[in-house]
Amino acid sequence: MKHNTHIYIAAKATEFLRDSVNNLHTRTGRMASAKTQRKVKTRAKELQHLLRYHAQDMAEASWAPDDILCDKALYHTFKLFTDNEFPRGRRYARETHNVSGVDYHRISGGGGLPYKVDHLARTIADMQKLREYNDQFSQKQIMYLLFLISHYVVDAHVPMHCDIRDDPPSKKDKTKPPGKKKYYSDALHGEIERIWDAAVTPVAMEQGIVVADTYKDCKAETDLSPCVRFDVGNRRHRDLITPTNIPNRGLMNHMISVCVRSKERSLQLFPVGNPGSWRKDLLGELTREIFADAIGGVVGVWLWIWGRS
Ligand SMILES: [Zn+2]
């Protein structure tokens, strides 16, 4: 995702943090019990207050991994392929995850996004515990890192970040299965993220979430803007934000399944037979789903971290 989109989703996760607990569900998709919801709601209320108190760090922290840490190739992706796309591709698999009976292979150099989220989330939870024990780390540092981790969680929801086909291999590249027609143009990844940022920016500006640096930033809404608009006062919008109550030992697997869902969406957008001619007609519907899942996804990881301390 691009700059304003990351800031917007971090702001929306903060906005929906408390109310989305009404839609909290288990990993298997069942509604969480009323008792669990009550417990988590107390946690969500406290965390929302703290995130709002430190909201001045949101814009920088939610963007820092792209701009300051510059660990894109390492941790912003989880590049997967299936036997259906590349029937003789298994020798390129660095590791394989079987989800709902389907093997998803990750290539060498395909990014370790779920591992980064798991590790960073546990580090933030440890910082909170140390803070209570011996006063190490400030609440400001911890809130900064919560905004920062939202970046990786949001990137896991981008179909192109979880698909090897967004970047055709050169002749020298032996890390990916060959087959030019099986890949889509590497320009499409950036183009779709630009379309999303153009849809988000006027909505985020109108709500004061991002500010214009120059008059050039002030543009009208696009056709896709209604698909990225989420307002906590709107019942239909609230119904779409459905965070998972992630089990203590389940964060890594949860993030892997988020990436697998993104891979599946990529297969919808860029069909196996002809990935180059992508399904523009599906973009509105998928954008709505992706943004709602990204907001709920950030809420789920934040609540997991806050539940450890
Ligand atoms: Zn990124």
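Trp196 and Trp302 touch the most other members of the largest nonpolar core, which has 84 residues. Such a core is a set of buried Ala, Val, Leu, Ile, Met, Phe, Trp, Tyr and Cys residues joined through side-chain atoms within 4.5 Å. Buried means under 20% relative accessible area, exposed over 50%, and partly exposed in between, with a 1.4 Å probe and protein chains only. The model is predicted, so to read it well, note that local features need pLDDT of at least 70 and side-chain atom pairs count only at pLDDT 80 or more, while totals for chains, interfaces and linings use all residues. Residues are numbered from 1 along each chain as its sequence is written, and side-chain values use heavy atoms, with hydrogens and water left out.

- A second, separate core has six residues, including Phe81, Tyr92, Ile107 and Ile164.
- Not counting residues up to four places away in sequence, Trp196 touches Met1, Thr5, Val158, Pro159, Met160, Leu224, Leu283, Thr287, Ile290 and Phe291, where contact means heavy atoms within 4.5 Å.
- Thr287 has its place in helix H12 and counts as buried because its relative accessibility is 0%.
- With neighbours within four places in sequence left aside, Thr287 is in contact with Trp196, Leu224, Cys227 and Val228.

**Aromatic pairs**

- A pair of aromatic rings is described by the distance of the centres and the angle of the planes.
- Seven aromatic pairs are found in the structure; rings of Phe, Tyr and Trp (its six-membered ring) pair if their centres lie within 6.5 Å, and planes under 30 degrees apart count as stacked, over 60 as edge-to-face and the rest as tilted.
- Phe86 and Tyr183 form a tilted pair, because their ring centres are 5.5 Å apart and their planes are at 45°.
- This pair links distant parts of the chain, 97 residues apart: Phe86 is in the loop between strand E1 (80–81) and strand E2 (93–99), and Tyr183 in the loop between helix H7 (139–155) and helix H8 (187–206).
- Phe86 is buried at a relative accessible area of 3%, and Tyr183 is buried at 4%.
- Phe270 and Trp278 also make a tilted pair, with centres 6.4 Å apart and planes at 35°, and both residues are buried.
- Phe81, Phe86 and Tyr183 are linked into a cluster by ring pairs.

**Charges over rings**

- The charged end of Arg288 sits over the ring of Phe230, 3.9 Å from its centre; the rule asks for NZ of Lys or CZ of Arg within 6 Å of the ring centre and within 35 degrees of the ring normal.
- Arg308 lies over the face of Trp304, at 4.7 Å from the ring centre.
- Phe230 is in the loop between helix H9 (225–228) and helix H10 (235–240), and is buried with a relative accessible area of 0%.
- Beyond four places in sequence, the contacts of Phe230 include Tyr8, Phe16, His237, Arg288 and Ile295.
- Phe230 and Ala292 are 62 residues apart in sequence and 8.1 Å apart in space, C-alpha to C-alpha.

**Cysteines**

- The count of disulfides, meaning pairs of cysteine sulfur atoms within 2.5 Å, comes to zero.
- Cys259 is in no disulfide, and the nearest cysteine sulfur, that of Cys162, is 3.9 Å away.
- Cys259 counts as buried at 0% relative accessibility, whereas Cys70 counts as exposed at 54%.

Definitions and conventions: Helices (H or I, at least four residues) and strands (E, at least two) are DSSP runs, numbered from the N terminus.
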